[in-house]
Amino acid sequence: MKVNSKAIKFYAILVIGLAVLGIFASTAASKKAQRIADSAKSTTVPTTRQVQEIEITTEVNRNIKGVADERYTTPEAEAEATAQPPIQRNESYIMPISSEKIKDYSNGEPVYSKTMEDWRAHTGVDFAGNEGDSVLAVNNGIVTRAYDDALWGTILEIDHGDGIVSRYCGLKFEDALAEGTKVNAGEKVGTLGILPIESADGIHLHFEIIINGETANPFDYLPAQ
């Protein structure tokens, strides 16, 4: 049988063309697959660590109103923020209790103690009274100390500013104001109780004025009796 050479050439060219077309299609498909894979990587769901970092960054950068930024607080600004306003003390003091004086300030001189049966300086003024009698603040101030003492009973100290402190000894613990309480002149700060170190003198208030840590004559400040 005689083979037509033209037909052979035609089929050979067709096979070669199909092969080239197949190679081109395969290459295009491969590139498209690569692009899809790259795109998928860029839209991958964040890992747990990435989510945490996003949340932390969002929280840090969120604008929270009403909260002071303490990173740049200077010592001067901090002191100003915590400073107490000055105490507006009255020019005149009042009596701590409405009763008579029974023992005066000794100004460092020893006087006889009937309770202790010895001689010692009397650092304040004693005012007679009855258990439960009201004791008053002699001026505006802040209660800085309120504590019990084995000898002096319950003690209350009030800061009046400028280094002036009044001290009330022999109060009832349950009636004494708490530390940090602001008081005005004439306001009740406690009631009379027991004063062990001066018990032989009966129920009374032992009252002191302290100037810059040193006791002074209370009647340099209190109204004269």
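**View 1. Phe219 and the residues around it in this predicted model.** Leaving aside residues up to four places away in sequence, Phe219 touches Met95, Lys101, Asp104, Val125, Phe127, Ala224 and Gln225. Phe219 is found in the segment after S12. With a relative accessible area of 19%, Phe219 falls under the 20% limit and therefore counts as buried. For a sense of scale, the C-alpha atoms of Phe219 and Glu208 are separated by 9.8 Å, the two residues being eleven apart along the chain.

**View 2. The aromatic pair of Phe127 and Phe219.** The structure holds four aromatic pairs, and here we look at the one formed by Phe127 and Phe219. Their rings are tilted, with 6.2 Å from centre to centre and 55 degrees between the planes. This pair links distant parts of the chain: Phe127 belongs to strand S4 (residues 125-128), while Phe219 lies in the segment after strand S12 (214-216), 92 residues apart. Both Phe127 and Phe219 are buried.

**View 3. A salt bridge between Asp104 and Lys101.** Asp104 is partly exposed at 38% relative accessibility, and Lys101 is partly exposed at 33%.

**View 4. Asp118 with its partner Arg120.** The structure holds eight salt bridges; in this one the closest N and O atoms are 2.6 Å apart. Buried or partly exposed: which describes Asp118? At 25% relative accessibility, Asp118 counts as partly exposed. Arg120, at 32%, is partly exposed too.

**View 5. Lys172 and Glu131, a salt bridge between two loops.** The side chains of Lys172 and Glu131 meet at 3.6 Å, N to O. Lys172 sits in the loop between strand S8 (164-171) and strand S9 (182-183), and Glu131 in the loop between S4 and strand S5 (134-136), so the pair ties together parts that are 41 residues apart in sequence. Lys172 is partly exposed, with a relative accessible area of 22%, and Glu131 is partly exposed as well, at 48%. Elsewhere, salt bridges that share partners join Arg145, Glu157, Arg167 and Glu208 into one network.

**View 6. Arg145 over the ring of Tyr147.** The charged end of Arg145 is placed 4.1 Å from the centre of the Tyr147 ring.

**View 7. Residues 56-65, where confidence is under 50.** The mean pLDDT of the chain is 80, and 62% of its residues reach 70 or more. Over residues 56-65, pLDDT stays under 50, and the model has one contact beyond four places in sequence for them.

Conventions
Residues numbered from 1 in each chain as written. Heavy atoms only, no water. Phe/Tyr/Trp six-rings, centres within 6.5 Å; stacked < 30°, edge-to-face > 60°. Helix = DSSP H or I, 4+ residues; strand = E, 2+ residues; numbered from the N terminus. Buried < 20%, exposed > 50% of the residue type's maximum accessible area, 1.4 Å probe, protein only. Lys NZ or Arg CZ within 6 Å of the ring centre and 35° of its normal. pLDDT = per-residue confidence, 0-100. Contact = heavy atoms within 4.5 Å. Salt bridge = Lys/Arg side-chain N within 4 Å of Asp/Glu carboxyl O.
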